[in-house]
Amino acid sequence: MRDTIEAVAARTLDHDFRIWGFGEGMALLGLLRAGARYDRPQWIGAVADLTAPALGPQAQPTDHLIPVEVLVELHRLRPAIRVDAAIARFVAAVWHDSAPLPVHRPDLPDLGDTAWVDCMHTDAPGLLLAGHPDAAAAAMTLACDRLQDTTGLFSHSFNTGPARANAVHWGRGQGWALHGLVPLGPADPGRDTAYRALRQRTSRLLDALARHEVDGRWRTIVDDPAAPFEHSVSALVAAGIHHGLRTRMVDPSRRALADRSLRAAVAALDGHGGLPVSAATPAGPPDIYLHRTTGVFPWGQGPLLLALLDAAVPR
């Protein structure tokens, strides 16, 4: 297991990180945790170097993508690194006047009225870690109301103009949604109606994923049997369930699904620590999802690292 983790971590470090881009946070968090677990300070230092230029107070259009969990972990490991200003920028980018912002990129002419399932893995978890649990629940509830349909699956995008989801159940999008939901396990589930409802949303999503699973794998559109398999979903599901087990947002009976997913992801490795996954995918009609190029990207490496690290801990 350690050899696999080290190979995946080394391959992850080869990526040209944007800071901040969709899906980078899990890869950086995996590097931090692997570096701490296996005494590899150079991995922690690499994350510190990558993020240093983005830790100031100056607002940026991509502040909604700041992975708060990475900054919190980085500060824990390197207390001298100050992350407060960047976390404050994140909160300002996703929350205003006691309400979640309806869209995150109003500055983009073609996307100014679009909300994405991708943002679920940063919005609510980031607000929670920043000390705003009620805001986290409200942001996640809004995302679920917009994007989760009666199947339990999530659409990739929601247009706030005509108030319509694109109705494509993108595989990786289900993983983003799962990672947004699972951190929100309340200390006392009996006290908070919003958090109980989100736990039910999580269960519906996992039920839907189980219906479309093929030996721990899912397709790039999960309910299209003709779509190609997408290995990032396996990694995301494995890591998400393990996180949900810790927060009590996921029932222990789901552990077997996580185990199958992790085995499928490891089996798909290219022999050099890389998990082949589809390239960045814009929201749109089904054809956009069916013909993506593949490569090694943070949105495969990161969740796989996190899942492997969880699996390496004795139960």
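User: Which is Trp116, buried or exposed?

Analyst: Start with the cut-offs. Buried means under 20% relative accessible area, exposed means over 50%, and partly exposed lies in between (1.4 Å probe, protein chains only). Trp116 has 12% relative accessibility, so Trp116 counts as buried. Keep the origin of the values in mind: this is a predicted model, in which local features need pLDDT of at least 70 and side-chain atom pairs count only at pLDDT 80 or more, while totals for chains, interfaces and linings use all residues. Residues are numbered from 1 along each chain as its sequence is written, and side-chain values use heavy atoms, leaving out hydrogens and water.

User: How many aromatic pairs does the structure hold?

Analyst: A pair of aromatic rings is described by the distance of the centres and the angle of the planes. Rings of Phe, Tyr and Trp (its six-membered ring) pair if their centres lie within 6.5 Å; planes under 30 degrees apart are stacked, over 60 edge-to-face, and the rest tilted. The structure holds three such pairs. One of them joins Phe22 and Trp116: the centres are 6.1 Å apart and the planes stand at 75°, so the pair is edge-to-face. Phe22 lies in the loop between helix H1 (2–13) and helix H2 (24–37), and Trp116 lies in strand E3, so the pair ties together parts 94 residues apart in sequence. Helices (H or I, at least four residues) and strands (E, at least two) are DSSP runs, numbered from the N terminus. Phe22 is partly exposed, at 26% relative accessible area.

User: Which kind of pair do Phe297 and Trp299 form?

Analyst: Their ring centres are 4.8 Å apart and their planes lie at 10°, so the pair is stacked. Trp299 is buried, with a relative accessible area of 11%.

User: What sits over the ring of Phe229?

Analyst: First the rule. A charge sits over a ring if NZ of Lys or CZ of Arg is within 6 Å of the ring centre and within 35 degrees of the ring normal. The charged end of Arg217 does this, 3.8 Å from the centre of the Phe229 ring. The charged end of Arg219 sits over the Phe229 ring too, 4.1 Å from its centre.

User: In what order do the strands of the open sheet stand?

Analyst: Strands of a sheet pair through backbone hydrogen bonds, either parallel or antiparallel. Two strands pair if DSSP finds at least two bridges between them. Here three strands stand in the order E3-E4-E5, with antiparallel pairing. E3 (114–116) and E5 (164–165) are the edge strands, each pairing on one side only. Three bridges join E3 to E4 (residues 157–159). Ala115 stands opposite Phe158 in E4.

User: Which residues of helix H7 are buried?

Analyst: H7 (residues 133–147) has buried residues including Ala139, Met140, Cys144 and Leu147.
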